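I opened my notebook to look up a few things in one chain. Here is what I had on screen.

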Amino acid sequence: MGVLRVIGLVFLGLFAVFLFFIAIAVLVPIFLGPLITHFINKTGMLIITQAPQNPYQVIDAPAGIQYNGPPTTALAGYYCIYTADVANDGWRVNGQYQPNPQILANSPPGYSVQLNAVLNNGYWLQNTYGSSRIFTNGVLESINTAVNVWYNSKLVSVKQGPPAQSCGWLVIMIANGTAYFGYSSDGVNVDWYYTYPVGNAVIEPTMGTNLVIAGPGNGAGVNFTKVYAVLALWYWNGTAWKPITATPVSPGGAYTAEFVVNAWVYTSGNEAVVSWP
């Protein structure tokens with residue numbers, strides 16, 4: 001009887017695990033689907049065509065918006081790159097930007113879009129577009145998403161994600177001690193392409209939690225000759241998705257090492273435009 005009881009408990013435990021993953025697969029799209037579908041449709045009508053007054057100039061820093069809502073377990077960052085002409089990428093040398101000898105050493109696309117999230121237990125999470133690429137015989141095959149997981153300033157995990165488009169959603173969600181990283185190109189279907197255990201944590205509203213455009217990776221910067229992009233952030237308040245008021249990231253407070261040489265950031269309600277010149 002003891003053996004049968006143990007076997008029964010094992011099967012019961014396996015069934016519980018099965019139900020958990022079924023719940024994640026079913027409920028997460030239900031939670032995100034209405035938000036993403038609604039917002040992408042709305043964004044198509046509300047793209048800023050005339051710059052608001054008092055734009056914020058970014059010089060040698062990431063360009064985008066910081067999260068200024070309450071602590072949360074999920075962020076969804078919408079981005080759409082309408083124009084991105086890159087002159088070069090490069091690094092800071094003795095405090096000065098120095099282009100690479102090659103025109104675009106990290107290209108294409110030569111820049112990244114980063115959804116960054118600071119957790120309250122030492123983790124810092126990055127879900128990005130543009131920092132990862134696949135080449136076949138020297139020919140670009142795809143521009144991909146990618147994950148970086150940092151703990152106490154040390155890189156502990158890297159994962160290349162699915163091919164991505166120049167408009168889409170980057171999503172970070174924490175559930176039952178696990179961080180889920182997702183990408184959606186259509187605003188309806190989310191590809192949860194990576195998970196990482198982070199413990200009992202929440203995303204904190206700091207300058208290091210943001211949605212930004214920056215250099216392609218490895219601390220590089222990007223020098224745009226022309227750029228026009230729309231960014232927006234949403235957070236989960238426990239029962240519903242809510243937009244945040246777009247606030248430009250303060251220089252020096254974005255955590256990420258990548259940067260843009262020059263850009264303007266315009267905000268209007270929950271949307272921001274990154275542009276140059």
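Entry 1. Leaving aside neighbours within four places in sequence, which residues is Ile 213 in contact with? I took contact to mean heavy atoms within 4.5 Å. I found Pro 62, Ala 63, Ile 81, Tyr 111, Ser 112, Val 113, Phe 224, Ala 229, Leu 231, Val 260 and Val 274 around Ile 213.

Entry 2. I noted the ground rules. This is a predicted model, where local features need pLDDT of at least 70 and side-chain atom pairs count only at pLDDT 80 or more, while totals for chains, interfaces and linings use all residues. Residues are numbered from 1 along each chain as its sequence is written, and side-chain values use heavy atoms, with hydrogens and water left out.

Entry 3. I looked at the whole chain. I read off 1 helix and 16 strands; these are DSSP runs numbered from the N terminus, helices (H or I) of at least four residues and strands (E) of at least two. Of the 277 residues, 48% are buried (under 20% relative accessible area, 1.4 Å probe, protein chains only).

Entry 4. I turned to the nonpolar cores. A core is a set of buried Ala, Val, Leu, Ile, Met, Phe, Trp, Tyr and Cys residues joined through side-chain atoms within 4.5 Å. The largest has 49 residues, and Ile 213 is among those with the most contacts inside it, as are Tyr 79 and Phe 181. Strand E13 (residues 221–236) gives the most to this core, 7 residues. Apart from it I found another core of 12 residues, including Trp 169 and Trp 234.

Entry 5. I checked Asn 116, in strand E5 (residues 112–118). Is Asn 116 buried or exposed? Asn 116 is buried, because its relative accessible area is 0%. Its side chain makes a polar contact of 3.3 Å with that of Gln 114 and one of 3.2 Å with that of Gln 126. I counted a pair of N or O atoms within 3.5 Å, one able to donate a hydrogen and the other to accept it; residues adjacent in sequence count only if both atoms are side-chain atoms.

Entry 6. I ended at the largest pocket. On a 1 Å grid over the protein atoms alone, a pocket is an open set of points where a 1.4 Å probe fits, with protein on both sides within 12 Å along at least five of seven lines; lining residues have an atom within 4 Å of a point. Of its 31 lining residues, Trp 124, Gln 126, Asn 148, Trp 150 and Glu 258 are the closest to the centre. Strand E6 (123–136) supplies the largest share of the lining, 6 residues.

Definitions and conventions:
Buried means under 20% relative accessible area, exposed over 50%, partly exposed in between (1.4 Å probe, protein chains only).
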